[in-house]
Amino acid sequence: MEYGHGGDIYTYRDMLDFSVNVNPLGPSREVIEAAKKGVERAAQYPDSRCRELRTALSEKKEIPGERFIFGNGAADLFFSLVLAEKPKRAVIPVPAFSEYAHALRTVDCRIEEYALRREEQFTLTEEFLECLTPEIDTVFLCSPSNPAGQVIEKELLCRIADRCEEAQIRLVVDECFIDFLPEPSQFTMEKLTERYPCLFVVQAFTKTHAIPGLRLGYGMSSDQKLLERMQQVRQPWSVSTPAQAAGLAALRDSDRVQEARELICRERSRMEEELRKAGVEVIPSKANFILMYSSYDLFSLLKDRGILIRDCSNYSGLGKGWYRTAVRRREENDRLLDAIRQICG
């Protein structure tokens, strides 16, 4: 099976990896130590209900614990929701994370792609409301979006949620990159799960705390019947003991997350400016990555220089010439920028 994501360091070895979008500071020492202690309990089954993590997350977010469901990363939850609901017809704005469509295809769902426009920087607008008809079962949205890094305004998201409630459409909002925004609370829909039973919000520790190797995501919904159905279609030990322990430690990592936000904001702005100077088309981003277009084969040419970026040619709605790069630490970003100047100069 062909691997269609970033982070393929097993094929492309010894590369400086800009193809994955995680916290550029990496996991904290506390998170790593907690995961190690979790490994010491490897002879025991993990808590299938993630009780400690559920309680801690509930207290931090001030959301009732019964609204949470935990998974082996966000992708695990997308698949579980689709298997639980078995939708017949779904809408996905594209370009988008491929696992939404992958999950929907497992139940032979008909997928309607809503093409976001390049001239609008691939931003979702109110025209999308016209797609939300009673024939649709499920909608997948992402804010900030992957790979374009665009935020959906909360007012528009609420209008979409209102329409989904009226038409009985399941609304899945992927917020895995929301913690990289300067003010996440202004954009998240997590507290609105009470108002909108149709709403299922997904977040993850993976990106924010740089632990993709541990796999830890969670969903939030006030629809208890949905959460029960999801539990019924999945295996009970999807979140390992080390992952749960790492998640507990990560919830105490607020200073490190804030430091990462400031670094990303500063470096992203600088990178976008330097990329434009080099002749690369840049889609202005709100996230910890940048979508860009070049007539040069940047993936291959950078690979020859020991740098790995994400080739976005397999994204529906993009194609050849589109690439995504993460925002990393300044010295690493300088190496990428220098290489691109050499290629495009």
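C142 is buried, with a relative accessible area of 11%; buried here means under 20% relative accessible area, exposed over 50% and partly exposed in between (1.4 Å probe, protein chains only). The model is predicted, so local features need pLDDT of at least 70 and side-chain atom pairs count only at pLDDT 80 or more, while totals for chains, interfaces and linings use all residues. Residues are numbered from 1 along each chain as its sequence is written, and side-chain values use heavy atoms, with hydrogens and water left out.

The structure holds 0 disulfides, a disulfide being a pair of cysteine sulfur atoms within 2.5 Å. C142 is in no disulfide, and the nearest cysteine sulfur, that of C176, is 7.1 Å away. For C50, the closest cysteine sulfur is likewise in C176. The separation is 16 Å, too far for a bond. C50 counts as buried, at 2% relative accessibility.

An open sheet of 7 strands has the order 2-8-7-6-5-3-4, and its pairing is mixed. Strands (E, at least two residues) and helices (H or I, at least four) are DSSP runs, numbered from the N terminus, and two strands pair if DSSP finds at least two bridges between them. Strand 2 (68–71) and strand 4 (110–115) are the edge strands, each pairing on one side only. From one strand to the next, the twist averages 20°. Strand 3 (residues 89–94) is joined to strand 5 (residues 138–142) in the parallel sense by 2 bridges, with A90 opposite T138 in strand 5.

Strand 8 (217–220) pairs in the antiparallel sense with strand 2 over 4 bridges and with strand 7, also antiparallel, over 4 bridges. G217 is the bridge partner of G71, and Y218 that of Q203. In a regular strand the side chains alternate between the two faces of the sheet. Both faces of strand 8 are covered: G217 and G219 are buried on one side, and Y218 and M220 are buried on the other. Helix 2 (residues 51–61) lies across strand 2, strand 7 (199–204) and strand 8, and runs at about 125° to strand 2. Axes are lines fitted to C-alpha atoms, for helices over the stretch in contact, and angles run from 0 to 180 degrees between N-to-C directions; contact means heavy atoms within 4.5 Å.

An open sheet of 4 strands has the order 9-10-13-12 and antiparallel pairing. Strand 9 (281–283) and strand 12 (310–311) stand at its edges with a single partner strand each, so one side of each has no neighbour in the sheet. Strand 10 (residues 289–293) and strand 13 (residues 322–326) run antiparallel and are joined by 5 bridges, with F289 opposite A326 in strand 13.

Helix 9 (residues 254–277) lies across strand 9, strand 10 and strand 13, at about 10° to strand 10. The axes of helix 9 and helix 11 (residues 330–344) come within 11 Å and cross at roughly 10°. The two helices are therefore roughly parallel, a description used for angles under 35 degrees, with those over 145 called roughly antiparallel, 65 to 115 roughly perpendicular and the rest oblique. By class, their contact has 5 nonpolar, 1 polar and 6 charged residues. Ala, Val, Leu, Ile, Met, Phe, Trp, Tyr, Cys and Pro count as nonpolar, Asp, Glu, Lys and Arg as charged, and the others, Gly among them, as polar. On helix 9 the contact residues are E267, R270, M271, E274 and L275, which meet R330, N333, D334, L336, L337, I340 and R341 in helix 11.
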